[in-house]
Structure formats: structure tokens, C-alpha cells
Protein chains: 2
Amino acid sequence: MNKKIILKKRPVGFPAEDTWALQTTAVDEPKEGEILVETQYVSLDPAMRGWLNDQKSYIPPVQINDVMRAGTVGKIIQSKHPNFKEGDFVSGGGGVQQFYISDGKNEFKVDGHAVPLPKYLSVLGMTGMTAYFGILEVGKIKEGDIVLISGAAGAVGSVAGQIAKIKGCTVVGIAGGKEKCTYVVDHLGFDACIDYKNEQVYEKLKEYCPKGIDVYFDNVGGDILDLALAKIRRHARIVICGAISQYNATEIKGPKNYLSLLINRATMQGMVVFDYATRYQEAGMQMARWMAEGNLKSDEAIYEGIENFYDTFKRLFSGDKRGKLVLKVS
Amino acid sequence: MNKKIILKKRPVGFPAEDTWALQTTAVDEPKEGEILVETQYVSLDPAMRGWLNDQKSYIPPVQINDVMRAGTVGKIIQSKHPNFKEGDFVSGGGGVQQFYISDGKNEFKVDGHAVPLPKYLSVLGMTGMTAYFGILEVGKIKEGDIVLISGAAGAVGSVAGQIAKIKGCTVVGIAGGKEKCTYVVDHLGFDACIDYKNEQVYEKLKEYCPKGIDVYFDNVGGDILDLALAKIRRHARIVICGAISQYNATEIKGPKNYLSLLINRATMQGMVVFDYATRYQEAGMQMARWMAEGNLKSDEAIYEGIENFYDTFKRLFSGDKRGKLVLKVS
């Protein structure tokens, strides 16, 4: 039997538990040209919240009564597709369910033995790709830049900041709580980290970035984006990767300091990782190399049981995690 | 005697009349290496409002008791500088006064006979340069782009839109009032113009830009910026040239639709014309060529009398003008 999480209603504000429902159905048979995958791990991402809204975005919304969309990594248990065989591990977009059928078009074979499977959802998956292309291609970091990263202990921010360190930047993180900040500095190697829950962010920005900020990699939006705008230098680049502080808001807070872009001839640019699909392999190989050299670390916070999807989803927004949030469903 | 407008106090919100005072002093004598200029025309720009605020910007604020900063065009009436002679016309930053002394460093000789002097404050001055580099270098327009211009009947917007037309774009303006919109379409040659005072801007955007907007040249900020953000296409460029709707606001309205930048992988970039100073000559020659060919028009709304500075300044924000606002002070 296949347990799956179904979208039942469109939430307003923070999703209530009845936004989704757990359903059990028979496992389907793959047809000719298809594979049957047993999902092992499901990726949990703040972007999921956006997929629930019935509005134009970079991807269509999840439809009511459809399986909740999610990136996954799993094992092929039956193959009628010439390019895949039983036992192969694949990453794909199987959604929040234990089994799925695919025609293989969006499945990528991964080495299930070289690195732990959850890494293919974090640093070697969309999360890592987002950090890589966001900080390098949109942020256009160069040696000596002062780089500020919000959500610094999170899945994307932690990787983006480490890449900036590898490239010779001074990197300051922003995270919630002393424990996370210690993790960001001592474990990930950022130069400093501001605890936005217990410190005056703007005062600390002045202390850690006295000359201002060249690149701000924004995962949070809201007040922090405004404070960063107030400290950017001339020709700064602001990478709009996400806005977790706003995803559950019924009214978005626009950055009132946006005219700092004018004063500083600065750029604010949005990004969606899919645009870099042709270069995932290049990025993945580079990231694997950095990991092997010990210069890039990734942590996954792994929770278990598909029935715990909602509790795990809530952790995306509670700040109660470090690194990448993953749900083991097999 | 030299009549001049002096900054007396820093305004909060819209400047009251006692923000400035008219002062009369003796005309100074130029020293060796200096010139004495009799100002003929003073440029009035919305940016002036920003120069009154005591805060970090792209240029220091005007100091209390200093002459109000302004671009000017005038005639040299006495020269002790080897590169200038009496009777030369120069454009420079003489401020709102009838005479000024300069060491010549920021004075540019202009041909006072080829075109009327006020053109050197509008299409051939900072205003035109802002339009030129803003639409071409920051907006990166290319043939076939759908270009939206706010403040379309204004000094910068009118020129930016005409350049976009010359480059083969579809150009839609936004202006206040039927008369201005008629001017923008019939006289300047824009494809359409939305009357934000009497029409539903978003409905009209959908009508005139059914496929969305590739480039938005923003002179106004506020609600119009948000509506434009809601209609941008993938990889759109938003040029933050100004925000006249916000200059007198005590609290800036941030663009709540800024996450459209993410969805559409779009860029919002600020600009200051000074960065292109080494290319003013190239741009000026190109603009003069377009004017000679009849493809680029510029209008100046000329008021007279330095004692009417405040009334004229108010017209910058009342919407009661077309093209470039200029004050004749000689």
C-alpha cells in the first residue's frame, strides 16, 4: 500500500493541519516505459508554502486532491524503462508519498553508496544548486567581497555562505538563536553570525560590516531585508532567493528601503534554480569536490514517518532545525 | 547684486515656503583661475527634494544657509581662467542664484546658438543623460521589448520612452490626466498612455501589455511600482530612476510585490547618472542627432523670476507641467 499526503484545502496564513490529509491507496503497476520508485527521503522546503497558493508563480500550484509536491530520493523497485533498472537510486519529484510511478523524464540516477542519500536532497540537490548558482551567478561574488547571508543555518544559506568563504569573501550570517549562530561560525566557518532573536541586527551589521555589504543573499525578506538594504555598498547585489518571513503573511511587507538601490546603484535580482538545470552536473561535481576536500559541510535534520509530515513541515518555519529538513518515508 | 535662494531649514514631508529664503548679496569678483557666470536658466528636478534630507545619499545634502543646489546654464561675464572667455555659455551646477564664481572644473561649454539654452538642462543635460543611460544601460532594452514608463510626460520619462521607440520597442506610458496622456501618445509617439488619475492602471496594463512588461522605467515608486511588478515578464528589468510619489513621504512605501522579482527572475536596479559622466559627450551627440532627425522631442516648461522658485518647485510635485521644468533667473 502507498501512503501519501494529499492537499485538501488552500490555506490562508499559516497552514493548519487539515490543509493536508494522509491517504492510503494501492501501489500502481508501472506500464511499459515506466518505473516504480520506493521513496526513501522527501525534501522539505519553505518554497512548499508558495506552491499552495492559487496564483501565478514560477511553477503551477499544487492542485486540491493532488499529492503534495516534493523533491525525493528513492530506489527503483520495478523497471519497465530501458534506462533504469531495479535497485537504481534516483532523485526526482515524487511528492510526499511512499511509492510513485514515473516515465523517467525527471529522474536522475544517483550513487546511493558514495554519499548518504539525503545529501541528494540537500547540498547535492536543488537546495545546493540554489545556493551555488544564487551566490555565484546572481550574487557574482568575488574575492574580498563582504557577503551577508540570512537564514545562515538553513539548508540554502549554510551552503551559500560556505561557497562565499571558499571564494575568499568575508561572510557574515544571520540566524535565530545563540546555538545556531555558534554552529554557523564554529562549524560552517562563517566569519561572524548575528543572532536576530537576541541582538540588534543593525548595530551588529555596523560592527561586522563597517564598510557595508557587497552581496546580500536573502532567504528571509521582511525587516532583515530592509536592514541589509540600509547597509549595502555601491554596486551591491541582492539575491532574492526566498522570503521565509513572508510566506505565511496575508500581506507582504515590501522593502521600504528599496531606494537604497538607487543611492548605491545596486541590483536586486530574483532567482529560480530551474533556470540552471543544464549546469546542475557541473555544480554537483564542484560541490562534491569541495566536500571531499573538507571545505563544504552539509547537515540534514532527518525526521521519520510520512504521518509526521505536518509536524515536520511546521519546523520549516519554527526555526527549530539546522541545515536541510528531510523526512524519511520508507 | 546677486539674488539667491538659501536653504533655511530641513523640511519634514512636503517643504513649506520657509524652507528657503531669498537673499541678496554683492556679486563676487573672480580670482585668478576663476570665472564669473551669470546664470540664465536653473534646472528644477524632483531629486532636489532628496538633497534637503540630512542623510546618506548619492550626494551630500545641501547644508543650511547654503545656496540651493541646482543644475544651471549661463553666460560667462568675466573670466580669469585660460580655458574660458567672456561670452561663453556654460552648463554647470551654479545653484539657484543669478551669479556664481567657479574654478571651471564642473563647467561645460555649450553652444548657445545651435539650440535654445534650456535644452542643455533637459534633453542635452542631466535629465536627458539619465533617460539615455537608464533606458539603454540599466534597462538594456532591445528591439521588440515591451517597455513601461511612469512619469511619461515628465522630463526624464518623455525622453526615455522616445529612445525606446527609436530602438524598436513597444512603449506604454503612465501619466496623470487626459491632456498629458494625449501629449505622450500624439506628440511624443508612445504606443499608449495610461491616465493613472482617471483609469484603472492594472486593467489598462493588462490591455496594453497582454504579454507583460520587459522593462519598467520607474520615476514614481509607490502603488504604480507594485502594479508594474505584478505584470513583469520573465527576466524583466526594472530601472529605479526615481520615486517622486515617495519623496515627500515621511514613511516610504516599499514594493510589496517585490517577490515578483523571484518568480520572474527579474532585476531591479538603481541608477545615478553621474556614473556615466565619461560618456555624456557620446550620449549628447547621439541625442542631438536624433533631435535633428526629428525622432526625439523635448519640451521645457519655463517659468520666470528667481523669486518664484518656491512656486515653481511645487509644480514638480503637483503634476502641473509637461517635460522639463526650468526657471529663468537672469
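## Strand β11 of chain B and its neighbours

L148(B) stands opposite Y216(B) in β11(B). The strand β8 of chain B (residues 146-150) runs parallel to β11(B) and is joined to it by three bridges; strands pair if DSSP finds at least two bridges between them. Helices (H or I, at least four residues) and strands (E, at least two) are DSSP runs, numbered from the N terminus. This is a predicted model, in which local features need pLDDT of at least 70 and side-chain atom pairs count only at pLDDT 80 or more, while totals for chains, interfaces and linings use all residues. Residues are numbered from 1 along each chain as its sequence is written, and chains are lettered from A and ligands numbered from 1 in the order in which they are written.

Strand β11(B) spans residues 213-218, and six of its six residues are buried (20 or more other C-beta atoms within 10 Å of the residue's own, with C-beta atoms placed from the backbone; exposed means 12 or fewer, partly exposed in between). Five bridges link β11(B) to the parallel strand β12 of chain B, residues 232-240, where D218(B) stands opposite I240(B).

## The β-α-β unit

Together with helix α6 of chain B (residues 222-229), β11(B) and β12(B) form a right-handed β-α-β unit; right-handed means that, with the strands pointing away from the viewer, the path from the first strand over the helix to the second runs clockwise.

## Interface between chains A and B

In the interface, 24 residues of chain A are in contact with 24 residues of chain B (C-beta atoms, placed from the backbone, within 7 Å). On the chain A side, β13(A) gives the most, with four residues.

Strand β13(A) runs antiparallel to β13 of chain B (residues 267-270), with three bridges between them. T267(A) stands opposite Q269(B) in this pairing.

Technical notes. Contact = placed C-beta atoms within 7 Å.
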